[in-house]
Amino acid sequence: IGSENFVGCKNLSDISLPTSLKSIGGAAFYDCDDLQVINIPDNVVKIESMAFAECNQLNTMNLPDSLKIIEEGAFAGCCNLKKVTLPPLVENIGENAFDKNDTLFLCHRDSYAHRYCIDNNMPFEIVDFTALYKPLTFERYNGHTYALYDNVVTWTEAKLICEVLGGHLAVVTSKDEQDAINTIISEAND
């Protein structure tokens, strides 16, 4: 959605956005006074500055796990947002992104969002990150434990998830180890 597409649209109370959407442009929904509900699709990675600023009636929204960037003032003045779950893999939240809001933020321990809430003196609660990433199986091989997950993420995201969960991505050092991993994957898919 381009910048300023729906600025000041007074009769817009909810909207369904296309699943192909990757970003929401600057001030796209600025000052849409009647907007109450927004469901942001899973593929969105960026919400630009002032995208939903001054949407005074906005009270329900989801931020997808794919979201990486929330630019400055994106939700400033959305005074009816009482609770927002910040995605576990968000990498950047701009200055005053949630300015003039009385919002409780749900975030994951040691995530960027958690640090952002602390640094900006914003009310937050910690949610269980591990509930989002449940392994299909745990297997032991040669003194190491391997966990297989069915989440579709990038390599960078997988690395971060592993670190947050207290592990690391596997570094395969032998053909025997690769064969063991292939067996784990094969058995989990049966």
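Leaving aside its neighbours within four places in sequence, which residues is Ala-188 in contact with? They are Thr-137 and Leu-148, where contact means heavy atoms within 4.5 Å. Before going further, a word on the model: it is predicted, local features need pLDDT of at least 70, side-chain atom pairs count only at pLDDT 80 or more, and totals for chains, interfaces and linings use all residues. Residues are numbered from 1 along each chain as its sequence is written, and side-chain values use heavy atoms, with hydrogens and water left out.

## Ala-188 and its helix

Ala-188 belongs to helix α3, which covers residues 175-189. Helices (H or I, at least four residues) and strands (E, at least two) are DSSP runs, numbered from the N terminus. With a relative accessibility of 30%, Ala-188 counts as partly exposed. On this scale, buried means under 20% relative accessible area, exposed means over 50%, and partly exposed lies in between (1.4 Å probe, protein chains only). From C-alpha to C-alpha, Ala-188 and Asp-150 are 9.8 Å apart in space, and 38 residues apart in sequence.

## The open sheet

Let us turn to the strands. Four of them form an open sheet with parallel pairing, in the order β2-β4-β6-β8. Two strands pair if DSSP finds at least two bridges between them. Strands β2 (23-24) and β8 (92-93) stand at the edges with a single partner strand each, so one side of each has no neighbour in the sheet.

Between β2 and β4 (residues 46-47), which run parallel, there are two bridges. Ile-24 stands opposite Ile-47 of β4. Ser-23 also lies in β2, and its 27% relative accessibility makes it partly exposed. Apart from its neighbours within four places in sequence, Ser-23 is in contact with Ile-1, Val-44, Lys-46 and Glu-48. The C-alpha atoms of Ser-23 and Phe-6 are separated by 15 Å, the two residues being 17 residues apart along the chain.

## Glu-71 and Lys-46

Which residues does Glu-71 touch, not counting residues up to four places away in sequence? The list is Lys-46, Ile-47, Glu-48, Ser-49, Gly-94 and Ala-97. Glu-71 itself sits in the loop between β6 (69-70) and β7 (83-85).

The Glu-71 side chain makes a polar contact with the side chain of Lys-46 at 3.3 Å, and it reaches the backbone nitrogen of Ser-49 at 3.0 Å. A polar contact is a pair of N or O atoms within 3.5 Å; within protein, one must be able to donate a hydrogen and the other to accept it, and residues adjacent in sequence count only if both atoms are side-chain atoms.

Lys-46 and Glu-71 also form a salt bridge, a term for a side-chain nitrogen of Lys or Arg within 4 Å of a carboxyl oxygen of Asp or Glu. Lys-46 lies in β4 and Glu-71 in the loop between β6 and β7, so the pair ties together parts that are 25 residues apart in sequence. Lys-46 is partly exposed, at 26% relative accessibility.

## Salt bridges

By this rule the count comes to four salt bridges.

| Salt bridge | Closest N and O atoms |
|---|---|
| Lys-10 and Asp-31 | 3.2 Å |
| Lys-46 and Glu-71 | 3.3 Å |
| Lys-175 and Asp-179 | 3.0 Å |

Lys-10 forms its salt bridge with Asp-31. Lys-10 lies in the segment before β1 (14-16) and Asp-31 in the loop between β2 and β3 (37-39), so this pair ties together parts that are 21 residues apart in sequence. Lys-10 is partly exposed with a relative accessible area of 39%, and Asp-31 is partly exposed with 24%.

Lys-175 and Asp-179 are four residues apart in helix α3, and about one helical turn separates them. Lys-175 counts as exposed at 62% relative accessibility, whereas Asp-179, at 32%, counts as partly exposed. Salt bridges that share partners join Lys-10, Asp-31 and Asp-33 into one network.

## Helix α1

In helix α1 (residues 112-119), the buried residues include Ala-113, His-114, Tyr-116 and Cys-117. They cover an arc of only 160 degrees around the axis, which puts them on the same side of α1; the arc is that of the directions from the helix axis to the C-beta atoms. Among the elements covering the buried residues of α1 are β8, β9 (104-108) and β10 (124-127). After α1 comes Asn-121, with a positive phi near 50 degrees.
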